[in-house]
Amino acid sequence: MAWIPRFPEVKANLALNNGAFGSLISAGAIGAFLGLLTVGHIIHKYGALKVSLTAIGILFTSLAVLVHIRSSFLFLILNIAFAFGITAVHVCLNSHLFHFLERSEKNLVITSSGYWSAGSLSTAIVSGLLVGRVGLVAHINVLCIVLVAVMVVMILKLRPHLLSPNEDSEHDYSVKDIFTSFKIDWPVSIGMACAIYLEFALGDWGTIFTKERLDVSGSLSATPFIVFTAMMIVGRLSINKLLVRSRIHILVKRALILAGVGFGLCIIIATHLPAAQKWWAYALFILGFAIAGLGSSFTAPAFFAAANRRSSLPSAVVVGQFGVVNTILTFGVKLVVAWTMQFTGSIALALMIPAAMMIAAVLFTGVLKEDSKSKN
């Protein structure tokens with residue numbers, strides 16, 4: 001998350017336009033695809049400890065080198081490795097989360113996402129403050145060294161509780177099984193893709209959008225994304241109180257409408273204000289991002305939990321297979337959004353695509369009902 005406020009600097013290092021930069025960033029989906037397709041099965045065979053430590057090494061080595069790169073081709077290769085590392089860590093930790101859920105029957109999927117968002121927010125705030133004060137290379141390289149040390153210690157402390165290697169040869173997975181056992185729960189996958197892409201879009205383009213549209217400083221351009229993340233934390237950590245009053249599929253339906261309509265209206269109004277009302281437009285951007293964060297806070301984790309509940313496969317495999325489908329779907333949308341910006345010259349217009357997708361996700365909220373079953 002630390003380099004999101006640094007995207008304008010990364011883009012400047014590569015000397016690329018919005019369309020080309022968006023395509024390079026989107027190409028990370030290749031690494032994510034490979035990670036989601038294979039890591040769940042690798043965990044099943046070798047256990048979470050070895051895979052987690054390897055994933056951490058790939059993740060931070062590639063990120064540390066990425067900020068030195070000025071070649072588009074080398075950036076492409078390392079960004080794919082970076083995305084693979086992120087995905088591998090994601091699969092390891094979420095597999096353990098579902099493993100914990102199966103043993104304790106305590107649902108931490110949404111609340112753990114809230115704590116993740118708290119870490120994301122803290123990182124975004126610190127990174128935003130460092131823009132213009134600390135160089136991109138020094139910032140990211142020091143961060144990588146610190147995070148490797150901290151995460152390795154955490155993983156080693158979790159060692160007694162992590163998923164163990166599968167020792168039953170009858171339930172071992174071959175390369176062929178990776179593909180033959182692949183199942184797609186289309187209602188959940190499409191609903192998830194529609195619900196989650198606004199978060200991805202604002203992560204990729206939120207800082208650049210504010211900076212290019214209003215010509216504000218690097219720190220101020222990161223503020224809307226910080227507010228977005230803060231509201232995600234509020235929504236995710238409030239979910240247990242909300243579930244006392246209403247069921248999850250109803251809450252998600254209302255949240256999707258709030259996020260799609262609220263964000264879209266704020267951005268449309270803000271971008272049509274004259275230049276003299278720059279700070280009113282900035283305030284509307286912040287409001288729009290806040291509504292988007294609150295409305296999308298628990299929608300993605302809810303679809304994620306539904307995918308695991310509706311499948312008979314091991315949780316590590318479910319995390320990977322579900323992620324593969326959503327990576328492919330979101331990769332396609334990312335390219336559409338990036339080149340819509342390039343051809344129209346309007347980031348605001350392109351951001352209406354994820355806003356519309358949020359509203360469309362309402363059609364798939366029926367899969368979130370606890371008695372909903374997959375046909376697979």
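**Entry 1: valine 67**

I started at valine 67, which I found in the loop between helix 4 (48–66) and helix 5 (72–104); I keep in mind throughout that the model is a predicted one. I then looked up the accessibility of valine 67, and because its relative value is 4%, under the 20% limit, I put this residue down as buried. Leaving out residues up to four places away in sequence, I listed Asn13, Leu136, Val137, Ile140 and Asn141 as the residues that valine 67 touches. I also checked valine 67 against glutamate 9: the two are separated by 58 residues in sequence, while their C-alpha atoms lie 9.3 Å apart in space.

**Entry 2: histidine 139**

Next I turned to histidine 139, which I located in helix 7 (residues 136–158).

**Entry 3: helix 12 with helix 13**

I moved on to helix 12 (residues 248–271) and helix 13 (residues 278–296), for which I noted a packing angle of about 170 degrees and axes 8 Å apart. Because angles over 145 degrees count as roughly antiparallel, I described helix 12 and helix 13 in that way. Sorting this contact by class, I wrote down 17 nonpolar residues, 5 polar ones and no charged residues. On the helix 12 side I marked several of the residues that take part, among them Ala255, Leu256, Phe263, Cys266 and Thr271, and on the helix 13 side I marked others, including Ala281, Phe285, Gly288, Phe289 and Ser296.

**Entry 4: helix 12 with helix 14**

How do the axes of helix 12 and helix 14 (residues 299–309) cross? I found that they come within 10 Å and cross at roughly 140 degrees, and I noted the crossing of helix 12 and helix 14 as left-handed. By class, I recorded the contact of helix 12 with helix 14 as 6 nonpolar residues, 1 polar residue and no charged residues.

Conventions:
Residues are numbered from 1 along each chain as its sequence is written. This is a predicted model: local features need pLDDT of at least 70, side-chain atom pairs count only at pLDDT 80 or more; totals for chains, interfaces and linings use all residues. Side-chain values use heavy atoms; hydrogens and water are left out. Helices (H or I, at least four residues) and strands (E, at least two) are DSSP runs, numbered from the N terminus. Buried means under 20% relative accessible area, exposed over 50%, partly exposed in between (1.4 Å probe, protein chains only). Contact means heavy atoms within 4.5 Å. Axes are lines fitted to C-alpha atoms, for helices over the stretch in contact, and angles run from 0 to 180 degrees between N-to-C directions. Angles under 35 degrees count as roughly parallel, over 145 as roughly antiparallel, 65 to 115 as roughly perpendicular and the rest as oblique. Ala, Val, Leu, Ile, Met, Phe, Trp, Tyr, Cys and Pro count as nonpolar, Asp, Glu, Lys and Arg as charged, and the others, Gly among them, as polar. A crossing is left-handed if the near helix is turned anticlockwise from the far one by less than a right angle, and right-handed if clockwise.
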